[in-house]
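Subject: Structure handover

Hello,

Here is the structure we talked about handing over. Please load it before reading on.

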Amino acid sequence: MANIAIRGLTKRFGPVTAVDRLDADIREGAVTGLLGPNAAGKTTTLRMLLGLIRPDAGAATIGGVRYHRMERPSLTVGAALDGAQPHPGRTGRAHLRILAAAAGLPRTRADDVLDTVGLTAAAGRRAGTYSLGQRQRLALAAALLGDPPVLILDEPANGLDPAGIRWLRDLLRARAAEGHTVLVSSHQLSELARTADEVIIMAAGTVRGQLPTADMTAHKLEMLYLRMTGDRDA
């Protein structure tokens, strides 16, 4: 079992409550989209889920275990958070080999995942020369190193061209079809309407709704999003 369970998750930064008693379930064999306006608490939620921020209350578990208690987390969870950058002087291949070694994985996994994300031809170039789309693919390659049953991705389509977005959609759908758990935070409503099996809509640190996307058009999702969040600038 690799479902994600969030119960009463709360985080405050001084007088600001970024996440407020959040409850959510993210199931296996599905792509779940996490939607919300800026400052809704999406990234803070993901960081608590991955043990990067300590919650003030509540808990988040993956397969019934908190992330920081996993012996080899890279074999269970692959994550790519927006803003994470490789060392610009290292090649894409070297970056992945270092991560593989740190996780106790064979160095051959670097070439495996470079092929998966379509970066084999750029593997010998320094990461500092990569386009934004290539950096996104490299981050996804890093998340896939341990072939984990859970993927947690923050804005993974940023910088991808239309062909890249379609490629990403197909990859995430294939992972879900294999029974994996995929959680994607994004602002791209139309793409999540096509990719996700359900969406969690957040605003002001709380869940406003968790909805299936079957037969839901992008327009209908947008209307529901605006009604639940009050975000007229979405």
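Predicted model: local features only at pLDDT ≥ 70, side-chain atom pairs only at ≥ 80, totals over all residues.

Residues are numbered from 1 along each chain as its sequence is written, and side-chain values use heavy atoms, with hydrogens and water left out.

Helices (H or I, at least four residues) and strands (E, at least two) are DSSP runs numbered from the N terminus, and two strands count as paired if DSSP finds at least two bridges between them.

Seven antiparallel bridges pair β1 (residues 4-13) with β2. Leu9 has Leu22 in β2 as its bridge partner, and Phe13 has Val16 in β2. These two strands form a hairpin with two residues between them, and Gly14 in the turn has a positive phi of about 65 degrees. β1 is also joined to β4, antiparallel, by five bridges; Arg7 has Ala59 in β4 as its bridge partner.

Six-stranded sheet

The other open sheet to look at has six strands in the order β5-β6-β7-β3-β8-β9, with mixed pairing. Its edge strands are β5 (77-80) and β9 (206-212), each pairing on one side only. Four bridges pair β3 with β8 (residues 198-203) in the parallel sense, and Leu34 stands opposite Ile200 in β8.

Helix α7 (residues 218-229) packs on this sheet, touching β3, β8 and β9, with its direction at about 30 degrees to that of β8. Helix α4 (residues 132-144) lies across β5 and β6 and runs at about 165 degrees to β5.

Nonpolar cores

A nonpolar core is a set of buried Ala, Val, Leu, Ile, Met, Phe, Trp, Tyr and Cys residues joined through side-chain atoms within 4.5 Å. Buried means under 20% relative accessible area, exposed over 50%, and partly exposed in between (1.4 Å probe, protein chains only).

The largest core has 46 residues, of which Leu35, Leu96 and Leu172 touch the most other members. Not counting residues up to four places away in sequence, Leu96 touches Ala110, Val113, Leu114, Leu138, Ala141, Ala142 and Leu145. A second, separate core of 26 residues includes Ala2, Leu22, Ala24 and Leu183.

Cavities and pockets

On a 1 Å grid over the protein atoms alone, a cavity is a set of points where a 1.4 Å probe fits but cannot get out; a pocket is an open set with protein on both sides within 12 Å along at least five of seven lines; lining residues have an atom within 4 Å of a point. Grid points are joined across faces, edges and corners, and a volume is the space filled by probe spheres set on the points.

There are two cavities of 30 Å³ or more. The largest cavity holds about 110 Å³, and its lining includes Pro156, Ile165, Leu172, Gln188 and Thr195. α5 (162-177) and α6 (189-195) are the elements that give two or more residues to this lining, and α5 gives the most, four.

The second largest pocket has a volume of about 230 Å³. Among its lining residues are Met48, Arg54, Ala59, Arg66, Tyr67 and His68. Here the elements giving two or more residues are α1 and β4, with the largest share, three residues, from β4.

Most residues other than glycine have a negative phi. Ala39 has a positive phi of about 70 degrees. Ala39 sits in the loop between β3 (30-35) and α1 and is exposed, with a relative accessible area of 76%. Glu155 has a positive phi of about 50 degrees. Glu155 lies in the loop between β6 (150-154) and α5 but is buried, at 8% relative accessible area.

Regards

Notes: Contact = heavy atoms within 4.5 Å. Axes fitted to C-alpha atoms, helices over the stretch in contact; angles between N-to-C directions.
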